[in-house]
There are 2 protein chains.
Amino acid sequence: MRLATLRNEIADGQLVMVSRDGARCLLAPSPSLIQAIEHWADIEPALRSIAARIDAGEGEALDPALLRAPLPRSWQWLDGSAFSTHGELMQIAFNLPPVESDRPLMYQGISDRFYGPNDPIPFPDEADGIDFEGEFGVIVDAVPMGVSPEEALGHIKLVVQINDWSLRAIAPVEMKTGFGWVQAKPACSMAPFAVTPDELGDAWRSGRVCMDLHVDCNGKAFGRANGSAMDFGFHDLVAHAARTRDLVAGTIIGSGTVSNPNYAEVGSSCISEVRAIEIIRDGHPSTPFMRHGDTVRMEGLDLNGSAPFGIIEQSVAIGIPATGQPAEHGKWSAG
Amino acid sequence: MRLATLRNEIADGQLVMVSRDGARCLLAPSPSLIQAIEHWADIEPALRSIAARIDAGEGEALDPALLRAPLPRSWQWLDGSAFSTHGELMQIAFNLPPVESDRPLMYQGISDRFYGPNDPIPFPDEADGIDFEGEFGVIVDAVPMGVSPEEALGHIKLVVQINDWSLRAIAPVEMKTGFGWVQAKPACSMAPFAVTPDELGDAWRSGRVCMDLHVDCNGKAFGRANGSAMDFGFHDLVAHAARTRDLVAGTIIGSGTVSNPNYAEVGSSCISEVRAIEIIRDGHPSTPFMRHGDTVRMEGLDLNGSAPFGIIEQSVAIGIPATGQPAEHGKWSAG
């Protein structure tokens, strides 16, 4: 099943179910995805029934201009860093000592807004070192404290694709404090479709999205790294997050930047990695961070060449107020 | 004005306005505090009008057993560490190098639930080093990115008192990664009453809660540190948080553990500081962390001896499921 959220007058938007080609949709039996995930076990049969109608050809034309993030806001966003190649390159990029940890790395980030797939992204200053990070993520229902990785797998109800916007001039300054990132991690973007794990077929294996993430920057191929290389699966990340807290339904857990050891062949999913590779090769970085008007495109493609999450394609907007975010926070869905 | 949230069938609870002695209340004109803070400018006159009726003697008896956190969940919780004495002692407690930063320290923590003032707090394991942290905090309305500290002061609509539960066996492990805390920072508790800054009178100065925080552990006096000693005021913390993000209405910003340089006289607001002082004095810590059934009590008292935030008084419950949290996340207020 594939779900999307359309812009309406409600902060959480209108949940719809979408055809495999992304062209048609039908209203979901829940007003919003956050409400659906809170009652997933109860609502899933009705969702499956609507999905079957869409597969049979029903549905209205989906207007891509109305697409928001499938989950435009949530109570919790916990981002991992499960690709060790990314971590190794970032130590070089930031000139930091190696991170000593045999456990999953994870921080809590801003979750009150996720930008839609085509929203221009507002930043205050190019000097902050604007960078993208291509990731996959999962959305869980309510997870009890102390869940095992095996049990956690069953709580993963949806899979998403994320652009975790990052400010590289601030990141190492905040990291050195040990407190994690606040200023260095503004709101993320999401690809338009949240999909159930079964929708990914063989590409969902061992709690990993085994799919190439095609990243283009300003129209040029930038990276084709594969999501299978996570040191920990998403079920491990969920269990790690739930070690001392119940996870509220709708919690989103991120993989961290998709990164592969053979980066010379497959490229990278963020600029900072490329700059680290340049430092190794040339002694100094040469690829600039993003500037006003620069664009990034991200598309996870399976072996059949289909893109279950749809496409993120957006531009950097310095000093321009945000659009497409849940500004109408006061208008609550009446659930 | 003084606001509280009573337990009902709704995840966000029922907002009430409370008399200065905490004995009487009237329904607020907004179902929940999160909705009120989203429309603060519009709703404040009606709130003031109800407050005047309470001051004139109106109101029903307030049942303390129904008190939840005044804001039982929010989209964002950003906790500072603005008392440098606390930071210095924690470096000794954790055997960590000094944090190099001339900026406010801040991390993002769990905001999907804040425990009520008398909820027993569930933890998985005593071996995690269970500790309290007595703090003050503020709640803001919507704050635009790039706000100045002076402008930020006007966005501070409410002041609260918080117990930031912490797990000290995990904290230094997570801190060393640079990613901040996830497992080491379970959900916090709040004292029952959120108050407008004017309600604090002279105790609200320079964006600081200039009030002794009386902390007792297992019935014994533990700390009487004053909130005036923040290196940065709350307005500075708000501006710091909003450097690269709009702050969603309802964002809660914490002071970090209230701590004073003359700790030999006034004591501490967390166990870990006392252990650091013991390390300095004796070479080793002797005060144990909390165990099942242990209690903590926190009460900010002004110079007149009144406690505008009410009292946090709660116990540690190992392996016992949580009560009093917004478990009914599916039941949304119909705003």
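Two strands count as paired if DSSP finds at least two bridges between them. In this predicted model, strand E19 (residues 295–301) and strand E20 (residues 312–318) of chain B are joined by 4 bridges and run antiparallel. Within this pair, Thr295(B) has Ser315(B) of E20(B) opposite it.

## Chain A as a whole

Chain A holds 8 helices and 20 strands. Its radius of gyration is 19 Å, close to the 20 Å that the globule rule gives for 335 residues, so chain A is as compact as a globular protein of that length. Along the principal axes, the C-alpha atoms of chain A fill a box of roughly 55 × 45 × 40 Å. Of the 335 residues in chain A, 64% count as buried.

## How the two chains are related

Strands of a sheet pair through backbone hydrogen bonds, either parallel or antiparallel. In chain A, 5 strands form an open sheet with mixed pairing, in the order E7-E20-E19-E16-E17. At its edges are strand E7 (121–123) and strand E17 (220–223) of chain A, each of which pairs on one side only. The twist from one strand to the next averages 30°.

Chain B has an open sheet of 5 strands in the order E7-E20-E19-E16-E17, again with mixed pairing. The edge strands there are E7 (121–123) and E17 (220–223) of chain B, and each pairs on one side only. Neighbouring strands of this sheet are turned by 30° against each other on average, direction ignored.

Several of the strand pairs can be described one by one. Strand E16 (residues 212–217) of chain A runs antiparallel to strand E19 (residues 295–301) of chain A, and 6 bridges join them. In chain B, E7(B) and E20(B) pair in the parallel sense over 3 bridges. Here Ile121(B) stands opposite Val316(B) in E20(B).

## Glu299 of chain A

Glu299(A) lies in strand E19 of chain A. It is the bridge partner of His214(A). Is Glu299(A) buried or exposed? At 14% relative accessibility, Glu299(A) counts as buried, because the cut-off for buried is under 20% relative accessible area. The side chain of Glu299(A) makes a polar contact with the side chain of Arg297(A), at 3.0 Å. Apart from neighbours within four places in sequence, the residues in contact with Glu299(A) include Asp212(A), Leu213(A) and His214(A). Gln161(A), Ala307(A), Gly310(A) and Ile311(A) are also among the contacts of Glu299(A).

## Other buried places

| Residue | Relative accessibility |
|---|---|
| Glu299(A) | 14% |
| Ile156(A) | 4% |
| Ser19(B) | 2% |

Ile156(A) belongs to strand E10 (residues 156–163) of chain A. Which residues does Ile156(A) touch, not counting residues up to four places away in sequence? They are Val138(A), Ile139(A), Val140(A), Pro197(A), Trp204(A), Phe234(A), His235(A) and Val238(A). Ile156(A) and Val238(A) are 82 residues apart in sequence, and their C-alpha atoms are 8.5 Å apart in space.

Ser19(B) sits in the loop between strand E2 (14–18) and strand E3 (24–27) of chain B. Leaving out residues up to four places away in sequence, Ser19(B) touches Arg2(B), Arg24(B) and Ile54(B).

Helix H6 (residues 234–241) of chain B is mostly covered, with 7 of its 8 residues buried. The buried residues of H6(B) are Phe234(B), His235(B), Leu237(B), Val238(B), Ala239(B), His240(B) and Ala241(B).

Conventions
Residues numbered from 1 in each chain as written. Chains lettered and ligands numbered in written order. Predicted model: local features only at pLDDT ≥ 70, side-chain atom pairs only at ≥ 80, totals over all residues. Heavy atoms only, no water. Helix = DSSP H or I, 4+ residues; strand = E, 2+ residues; numbered from the N terminus. Axes fitted to C-alpha atoms, helices over the stretch in contact; angles between N-to-C directions. Buried < 20%, exposed > 50% of the residue type's maximum accessible area, 1.4 Å probe, protein only. Polar contact = N/O pair within 3.5 Å; in protein donor to acceptor, adjacent residues only side chain to side chain. Contact = heavy atoms within 4.5 Å. Rg over C-alpha atoms; globule rule 2.2 N^0.38 Å.
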